[in-house]
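Me: Got a model open here and want to talk through its strands, salt bridges and cores. Can you walk me through it?

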Amino acid sequence: MSTAGFNSQNGTGQGQAYANGPSQNPVALQQLPGVSYGMTHQPNYSPMQAKAPAPPGPGLYPSGPYQPVPPVSSYQPVPPVSSYQPVPPVSSYQPGPPLTSYPASPGQPLLTRPPMGGLPSHTPPQSASPSPGPRLPPAQATPPPPSVSSSSYYQNPQQPQPMAPSWQYNTAPPPMGPPASMSTPPRGPVANHVNPAVSSTAPPPPSSAVYTSAPPAHVSHSATQPPGPRMPPTSAHGYTQPGTVPPPMNPMAPHTYQPSRAPYGPPPTGPPPTMKATPPPTGPPMGNATPPPPKAVAGLPQPGPPGRHLGHYPSLPPGYQNTSTPHNTTSPMHPAMQAATQPYTQAPQPYQQPPGGPGPAQLSPSLAAMSLQSSTPEALRVVNLLQERNLLPPRPIPAPTPCLPQDLQKINCNPEVFRSTLTSIPQTQSLLNKAKMPLGLLLHPFKDLSQLPVVTSSTIVRCRSCRTYINPFVSFLDQRRWKCNLCYRVNDVPEEFMYNPVSRSYGEPHKRPEVQNATIEFIAPSEYMLRPPQPAVYLFVLDVSHNAVETGYLNVFCQSLLDNINALPGDSRTKVGFITFDSTIHFYNLQEGLSQPQMLIVSDIEDIFLPTPDSLLVNLNECKELVQDLLKSLPTLFEKTMETQSALGSALQAAFKLLSPTGGRMSVFQTQLPNLGVGALQSREDPNQRASAKDIQHLSPATDFYKKLALDCSGQQVAVDLFLLSSQYCDLASLGCISRYSAGSVYYYPSYHHQHNPAQVECFQKDLKRYITRKIGFEAVMRIRCTKGLSIHTFHGNFFVRSTDLLSLPNVNPDAGFAVQMSIEENLDDMQVVSFQAALLYTSSKGERRIRVHTLCLPVVNSLSDIFAGADVQAISGLLACMAVDRSVTASLSDARDAMTNAAIDSLTSYRQSVLTIQQPGLLAPACLRLFPLFILALLKQKSFRTGTSTRLDDRVFAMCQLKYQPLAYAMLMIHPSLYRIDDLTDEGALNISERTIPQPILLQLSVEKLSREAAFLMDAGTVMYLWIGRNCNPNFLSQVLGVPSYASVPDNLFMLPELDTAESQRTRAFIGWLRDQRPFFPSLRVIRDESQWKASFMQNMIEDRTESALSYYEFLLHLQQQISK
Ligand SMILES: [Zn+2]
């Protein structure tokens, strides 16, 4: 039975048992009967919900949902002795423990959880599932943010009739199944994250002690700044570079933002100047919970007459509102942003406020000032796609720059971290519907950053109403009040915030790092913890069946972990454990004091239990030698095994039990289809259908076992990462659910073999090293907020949706990407800009509770041409790819393919009909969308969606996983690979990075037309690179780079370039190495000749060419034109 799919958030596929995030939460459902909870915008959800059949009983699922500790009665009595195999037949291991060492009585819970201290009042209000002990409160223990109204769960009435089978831009597929059977709400350290009662922004009573003691807050970077003379700021993170001159301390100084800030002075040594809270000259009373009336003071309060009066809800920091000329700043921007300014011939225009201050009716001039109507920008240049052949830019396309005042844009969020499909947000949903482009956000929230401001503060300033973190896009009404840019509530500035740790002065709240950086990280005070932050806990679950031993992966794994064990992120509390499995489950007692690891075998896989629960996960520091002993002996331990069966499901259940008390990371290595016990699967792939032009079956899971277990894991802060190494079909569509819903990652190495596939071995080694050593966040949640009027409705990525805008991420890793779809619920008439904020609360591997906050600001526009001018073609393609994966599962592959084609037709039709003023023949697109048809065609030919080309089912499903999970930059390479000629690399235009010269060849179109037999070409397809050698390739390249005398002598299975001491070799390796360095995973390299088995894979990426089953790019354009002119 197929019960879940690769569709929106938690799956809304046919017969879906768990339609959406909140549906797992019976309490939430009771509280809001009839509400289409979740992100589906599906009006008839409630009726279906009412008819929902009873969920399956817990008996169906041995580790029932949210029953981390089964009721006593469900515990098996002490298993009969025969079910143990106390002594493994391996001499190097100690005999198994005597029976008495197992849990003594059936009533004794195996998984007693230590009390977490001081939290008994938070016990979830459920009785269905006895809580194992004091745990984290359920998500609904705190009220949802008031800004979310239940009406937002419904379909927007302004939604147009969708063109079947086109995208419904603001809807998601309907949940077809009953609500989830979850009997206990999810748990996790979330409540404080949303609790309006916590972290009040009310200023503490003024106390001189606050000032006479050390500065109340400090900013720390990776290295603590020494006190003393400081350098002037030189970057957007300028506060990190202190100045030399004491700052003006006058709290009443004009508060315009100063791009070149006053240098900072030495720390104050005495008490600060007496600061009386200056009563605001005008404006609403402090703490007013309702948005102020239109007369709210927007400008900064100057002494004397009130500042400028703006119309409705000004949302810009005061400095910008008074700016009449752009600061011709030379402050360095992020390179991507700098490059991103290229597409526009016209610099973004500043806001200009008429001196009198416009009322609501006068806002249009200021909006007009933001628009691009005065002259046609490059983004809107008309391109006839049928005539212009060479549309591909020579360098990778940068993200477009939002049309914001320069000062705002300068501090805006890095597009590599946070970007929108439309950099200009339409004022209304109907305008968005007319544009026929999807509105959504793409995030890479935990990306490794070279520079990340970190703030330690006892008070994290947040909006009292919507809990938004203070950010660069709020406005200060005066020194003591700031207005939230998401809900417009006026908040008090806490006393502590008056101190600027950077300038070490008082009275400059708008210069605090929190309002100078769109990306910032807080070290959270104790109120953000509901239990002591969990330690880093790593459990490795290893397939040791005959098939697994044959692949030889165990050697690589053990060696890699041995090599990197000291680099595992963690601290003195770090714990590790190991489970191996074939037809039985093997535990390893690693308790301190043992002379060698002790293997314990449990053969009763039907009712798995932990033989010695306390000594299977051990402190890494204390037991490192035993761990190392185990890793050294594991590969030989199963060398001669003939056991072919795989009880993966039981092994996962055992691992879940082991990790439940603490949470942590489970890394599962599997090499075959699980075929024994719970979660056993059968092959569903018909190899004869791999090249079918018809619909592809079995894209959805065969069982909900893995999804249910993943939800259990998520509830206990356990994430599962799956490494699949197999030459046979493994049903990734089913197995992948274990990672998808627990916020894990999936790694897939088809045809892995230690001898036959050295390229895969190299990939696996490199990926493992990254995996073991990369940063990790535990027990995380991510909330995405947006300005009132916008609403988020569909999430893409690996996570569990816990409530409307809250993602549960038991682990978060720096390589995970996310996407969300949005709709416009209320007209944004009065707004010049809107903001989006993603806040990621996590526990670092060092046990710190941290919050990483990203805030993105975008302009609001009211004309279709402005919407088109701000279209981000890569982000649009990335989001469409996610939507198409969902559609493939909930509907069909052909439906998804049609929908993607229609997306191109619809947007270009809209452009032609509504934006173009002069009609002309041809297939016309604005320059910013000129690559849209190409990317859509690339998607149609991508492994995920292609038809008529032999594609293994697991390969296809894995490609779909990657589209949903990879950050946009990497997903784009998988959609439209980069092609370079590399036999004639020169240093001209080369980059120089840490004394390495990196040649920069130009990008070529993906067509055999661009190939030449006399040359060599590199195709970078994201996870794999192809180096294609022409038959008559320049002999110099062959000898100087490949080290072979002739074409004929190029080895068949070459996957590594020799390190030759020639300029050509160095250039080529530098370029390939540089490409690899820019992504977190390791792309293998395949050197191919005409005879190579990989030639077909290489040629399939020639997207612009015609194949037997797919149109050429030109034919596709003709097809679009035909449809558009209909
Ligand atoms: Zn707010």
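Me: Start with E13 and E18. How many bridges pair them, and in which sense?

Reply: E13 and E18 pair over 5 bridges, in the parallel sense. Pairing here takes at least two DSSP bridges between two strands. Helices (H or I, at least four residues) and strands (E, at least two) are DSSP runs, numbered from the N terminus.

Me: Before we go on, what sort of model is it?

Reply: This is a predicted model, where local features need pLDDT of at least 70, side-chain atom pairs count only at pLDDT 80 or more, and totals for chains, interfaces and linings use all residues. Residues are numbered from 1 along each chain as its sequence is written, and side-chain values use heavy atoms, with hydrogens and water left out.

Me: Is E18 buried or exposed?

Reply: Strand E18 (residues 664-670) has 7 of its 7 residues buried, so it is largely enclosed by the rest of the structure. Buried means under 20% relative accessible area, exposed over 50%, and partly exposed in between (1.4 Å probe, protein chains only).

Me: Which residues touch the most other members of the largest nonpolar core?

Reply: Met 666 is one of them, with Phe 836, Leu 1018, Leu 1027, Ile 1029 and Leu 1042. That core has 210 residues. Its largest share, 11 residues, comes from H19. A nonpolar core is a set of buried Ala, Val, Leu, Ile, Met, Phe, Trp, Tyr and Cys residues joined through side-chain atoms within 4.5 Å.

Me: What does Ile 1029 contact?

Reply: Leaving out neighbours within four places in sequence, its contacts include Ala 1015, Ala 1016, Phe 1037, Leu 1042, Tyr 1047 and Val 1087. Contact means heavy atoms within 4.5 Å.

Me: And what is in the second core?

Reply: That one is separate, with 46 residues. Among them are Tyr 553, Val 627, Tyr 749 and Cys 763.

Me: Val 627 is in H12, I think. Which residues of H12 are buried?

Reply: Val 627 is one of the buried residues in H12, along with Leu 626, Leu 630, Leu 631, Ser 633, Leu 634, Pro 635 and Leu 637. They pack against strands E13 (537-543), E14 (575-581), E15 (585-589) and E16 (598-602), plus helix H11 (553-564).

Me: How far does H12 reach?

Reply: Helix H12 (residues 624-637) has 14 residues and reaches 19 Å from its first C-alpha to its last. That is close to the 20 Å expected at 1.5 Å a residue. The expected span is 1.5 Å times one less than the number of residues.

Me: New topic. How many salt bridges?

Reply: The count comes to 37. The rule is a side-chain nitrogen of Lys or Arg within 4 Å of a carboxyl oxygen of Asp or Glu.

Me: Where do Asp 872 and Arg 419 sit?

Reply: Asp 872 is in the loop between helix H18 (864-869) and helix H19 (873-890), while Arg 419 is in strand E3 (residues 418-420), 453 residues apart. Their side chains meet in a salt bridge at 2.8 Å, N to O. Both Asp 872 and Arg 419 are buried.

Me: What about Arg 852 and Glu 521?

Reply: Those side chains form a salt bridge too, at 2.6 Å, N to O. Arg 852 lies in strand E27 (residues 849-861) and Glu 521 in strand E12 (residues 519-523), 331 residues apart. Arg 852 and Glu 521 are buried.

Me: Who else is in E27?

Reply: His 854 lies in strand E27. At 1% relative accessibility, His 854 counts as buried. Beyond four places in sequence, it touches residues including Cys 413, Val 417, Pro 445, Thr 519 and Phe 836. His 854 and Asn 471 are 8.7 Å apart in space, C-alpha to C-alpha, and 383 residues apart in sequence.

Me: Last one, the whole protein. How many helices and strands?

Reply: The protein has 27 helices and 34 strands. Buried residues make up 64% of its 1126 residues. Among contacts with a separation of 6 or more, 77% are between residues 24 or more positions apart.
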